[in-house]
Amino acid sequence: MSYLVIAIVVLSIAWPVTSYPLAFGWLVLLPIAFGWWVARTSTRLDAEGVHLSTWRSRRSVPWDEVKGVMFPKKGFARLVTTSDESFPMGGVSFHDLPRLSRASGGRIRDPYSTPAPGED
């Protein structure tokens, strides 16, 4: 979806940039920078743990250090570790919790699911 936004921005700046390149040529940098940011920011889960990438750094957190996921009022979802550090989870929203739960094998709890009988 983010790449669609980039395409719309490119189309919206095409006329001013081609008509007045000296004045508006710098606008081409906006979709390039946003595309680079989207390509670099990601969250991946596998058997070893959670792999987080931001535009500045990459880090992996093993499952035994994962405490949970936090959703602050402002900003993106954050992975919380057992040492109470938190790291941004790029591309993750509250509505992705069912997918996160499945991908993590239940290590990250899905608040939407109903507990099985006898489970608290």
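This is a predicted model: local features need pLDDT of at least 70, side-chain atom pairs count only at pLDDT 80 or more; totals for chains, interfaces and linings use all residues.
Colleague: How do you know how many helices and strands the protein chain has?

Modeller: We go by DSSP runs: a helix is H or I over at least four residues, a strand is E over at least two, and both are numbered from the N terminus. On that basis the protein chain has four helices and six strands. From the N terminus on, they run α-α-α-β-β-β-β-β-β-α.

Colleague: Why is the protein chain called more spread out than a compact globule?

Modeller: The radius of gyration is taken over C-alpha atoms, and the globule rule is 2.2 Å times the number of residues to the power 0.38. For 120 residues that rule gives 14 Å, and the protein chain has 19 Å, well over it, so the label "more spread out" applies. Along the principal axes, the C-alpha trace spans about 70 × 30 × 25 Å.

Colleague: What makes β1 and β2 a pair?

Modeller: Two strands pair if DSSP finds at least two bridges between them. Strand β1 (residues 42–45) and β2 are joined by four bridges and run antiparallel, so they pass that test. Threonine 43 stands opposite leucine 52 in β2, and a hairpin links β1 to β2 through three residues.

Colleague: And how do you know that β2 pairs with β3?

Modeller: Five bridges join β2 to strand β3 (residues 58–62), again antiparallel. Here glycine 49 faces proline 62 in β3, and the hairpin of β2 and β3 has four residues between them.

Colleague: What makes β5 a partner of both β4 and β6?

Modeller: Strand β4 (residues 66–70) and strand β5 (residues 78–81) pair in the antiparallel sense over four bridges, with threonine 81 in β5 as the bridge partner of valine 66. β5 and strand β6 (residues 86–88) are antiparallel too, over three bridges, and arginine 78 has proline 88 in β6 as its bridge partner.

Colleague: Why is β2 described as mostly covered?

Modeller: Buried means under 20% relative accessible area, exposed over 50%, and partly exposed in between, with a 1.4 Å probe and protein chains only. In strand β2 (residues 49–53), five of its five residues are buried. For the protein chain, buried residues make up 30% of the 120 residues.

Colleague: Why does serine 53 count as buried?

Modeller: Serine 53 is in strand β2 and has a relative accessible area of 8%, so it is buried. A contact means heavy atoms within 4.5 Å. Not counting residues up to four places away in sequence, serine 53 touches Arg40, Thr41, Ser42 and Arg58. Its C-alpha atom is 6.4 Å from that of threonine 43, ten residues apart along the chain.

Colleague: Is valine 38 buried or exposed, and how do you know?

Modeller: Valine 38 has a relative accessible area of 14%, so it is buried. Valine 38 sits in helix α3 (residues 29–40). Leaving out residues up to four places away in sequence, valine 38 touches Ser2, Tyr3 and Ile6. Valine 38 and isoleucine 6 are 32 residues apart along the chain, with C-alpha atoms separated by 9.7 Å.

Colleague: Why is phenylalanine 34 called partly exposed?

Modeller: Phenylalanine 34 is at 31% relative accessibility, so it counts as partly exposed. Phenylalanine 34 also lies in helix α3, and it touches Ser2, Val5 and Ile6, again not counting residues up to four places away in sequence.

Colleague: What makes aspartate 84 exposed?

Modeller: The relative accessible area of aspartate 84 is 55%, so it is exposed. Aspartate 84 is placed in the loop between β5 and β6. Aspartate 84 also has a positive phi of about 60° although it is not a glycine.

Terms used
Residues are numbered from 1 along each chain as its sequence is written. Side-chain values use heavy atoms; hydrogens and water are left out.
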